Amino acid sequence: MEIPVFTVDAFTNLPFKGNPAAVCLLLHELQDDMYQNIAAEMNLSETAFIIRLNSKHDFSSGARFRLRWFTPTTEVPLCGHATLASAAVLFYKKKNVNSTVVFETLSGELYVRQQGESIVMDFPLNKPTPVVGDGINVGLNEFKDLVKAAVGDQPVQEVCLCAITKMLMVCLADSCDRSVLTSLQPDPAVLLRVDTGGRVRGLLVTSIGDPGCQPGYDFYSRNFFPWFGVPEDPVTGSAHTVLAGYWSEKLGKKKMLAYQCSSRGGELELELQDDGRLNIAGQAVTVLQGILTV
């Protein structure tokens, strides 16, 4: 069996930046172990599988596809950068004729469209709930060991949990600039050893941005997912469904520009919608295409 495969750098307009995802085009479903084996072979944070739903349409004419995402170790319910990468393959490489395509996923229907040089994704908004209020000692919190492993002795303003995504968000104090965030070096093995009763599967560390400096980022973040075999994810769309809900309320803004401060780095345009969902926009660059033979 020959499967067309692409590597796409998402949330960037430059090759070797942003977050790379593999994208495979399938005419029909595979057995689950085959998806996982391919994702392990690609060995990127995510491999996306676009599956044709209607035999009357191909990847250039179809408007609706199934989409699944796998890390090297497991399937995940939502992935932003691999969705962006998948849409980029359809729009830019397959020249899909539709203005909007719909992906059927484990997180429901995701609508994706082109807007200028960007691709806009209609995602759920997952607002986190505070587990530590301002001014309360983090040491009193049930997640104190995880917070300590993530940020050491850096001052923390707030800790929030999103139960839906199982992501714990740690917001650094406003006195911490971007350099503090980029200097953090949490040990994935230590994060995995902390017992959270299965309540945490992702760790988001964030800090306020600097809108006064161009391009004017509203907030920064770094995101860690060793529970899914991804020590640090370069740029994470799904994490921003949580971060956007938090920072929108804190900043009083519905439109925000975010930057994820991994070594590769990536930029996300965020806009909260009146229907309670979130538009995430970004650019993407295809750096490889070929045939996977299995």
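These legends walk through several close-up views of one predicted model. Residue numbers start at 1 along each chain as its sequence is written, and side-chain values rest on heavy atoms, with hydrogens and water left out. As the model is predicted, local features need pLDDT of at least 70 and side-chain atom pairs count only at pLDDT 80 or more, while totals for chains, interfaces and linings use all residues.

**View A. Helix 1 and its buried face.** Here we look at helix 1, residues 32-42; helices (H or I, at least four residues) and strands (E, at least two) are DSSP runs, numbered from the N terminus. Tyr35, Gln36, Ile38 and Ala39 are buried in this helix. Buried means under 20% relative accessible area, exposed means over 50%, and partly exposed lies in between (1.4 Å probe, protein chains only). Down the axis of helix 1, the buried residues fall within an arc of 160°, so they line one face of the helix; the arc is that of the directions from the helix axis to the C-beta atoms. These buried residues pack against several strands, including strand 1 (2-10), strand 3 (46-52) and strand 18 (284-293), where contact means heavy atoms within 4.5 Å. Asn43 follows helix 1 and has a positive phi, near 55°.

**View B. Helix 3 and what covers it.** In helix 3 (residues 144-151), the buried residues are Leu146, Val147, Ala150 and Val151. Viewed along the axis of helix 3, they fall within an arc of 105°, so they line one face of the helix. Their cover includes strand 10 (156-162), strand 11 (167-172), helix 5 (188-193) and strand 12. Lys144, also in helix 3, is partly exposed at a relative accessible area of 38%. Lys144 and Val194 are 50 residues apart in sequence, and their C-alpha atoms are 9.7 Å apart in space. Just after the helix, Gly152 has a positive phi of about 65°.

**View C. Strand 15 between two partners.** Of the 6 residues in strand 15 (residues 255-260), 5 are buried. Strand 15 pairs with strand 13 (residues 219-225) in the parallel sense over 3 bridges, and with strand 16 (residues 266-272) in the antiparallel sense over 6 bridges. Two strands count as paired if DSSP finds at least two bridges between them. Tyr259 in strand 15 is the bridge partner of Tyr220, and Met256 stands opposite Leu270 in strand 16. The hairpin of strand 15 and strand 16 has 5 residues between the strands, and Gly265 takes a positive phi near 75° there.

**View D. Ser207 and its surroundings.** Ser207 lies in strand 12 (residues 202-208). With 0% relative accessibility, Ser207 counts as buried. Beyond its neighbours within four places in sequence, Ser207 is in contact with Leu172, Cys176, Leu181, Phe219, Tyr220 and Trp247.

**View E. A nonpolar surface patch.** Phe16, Val287 and Leu288 form a nonpolar patch on the surface, with about 300 Å² of accessible area together. Accessible areas come from the Shrake-Rupley method with a 1.4 Å probe, and for residues only the protein chains shown count as cover. Patches are made of residues with over 30% relative accessible area and no salt bridge; like charges are joined within 9 Å, and nonpolar side chains (Val, Leu, Ile, Met, Phe, Trp, Tyr) within 5 Å. Leu288 is found in strand 18 and is partly exposed, at 44% relative accessible area.

**View F. Salt bridges across the chain.** The structure holds 15 salt bridges, each with a side-chain nitrogen of Lys or Arg within 4 Å of a carboxyl oxygen of Asp or Glu. One of them joins Arg68 and Glu29, with the closest N and O atoms 3.5 Å apart. This pair links distant parts of the chain, 39 residues apart: Arg68 is in strand 4 and Glu29 in the loop between strand 2 and helix 1. Arg68 counts as buried at 14% relative accessibility, whereas Glu29 counts as partly exposed at 33%. Glu109 and Arg64 also meet in a salt bridge, at 2.7 Å from N to O. Glu109 lies in strand 7 (residues 108-115) and Arg64 in strand 4, so this pair ties together parts 45 residues apart in sequence.
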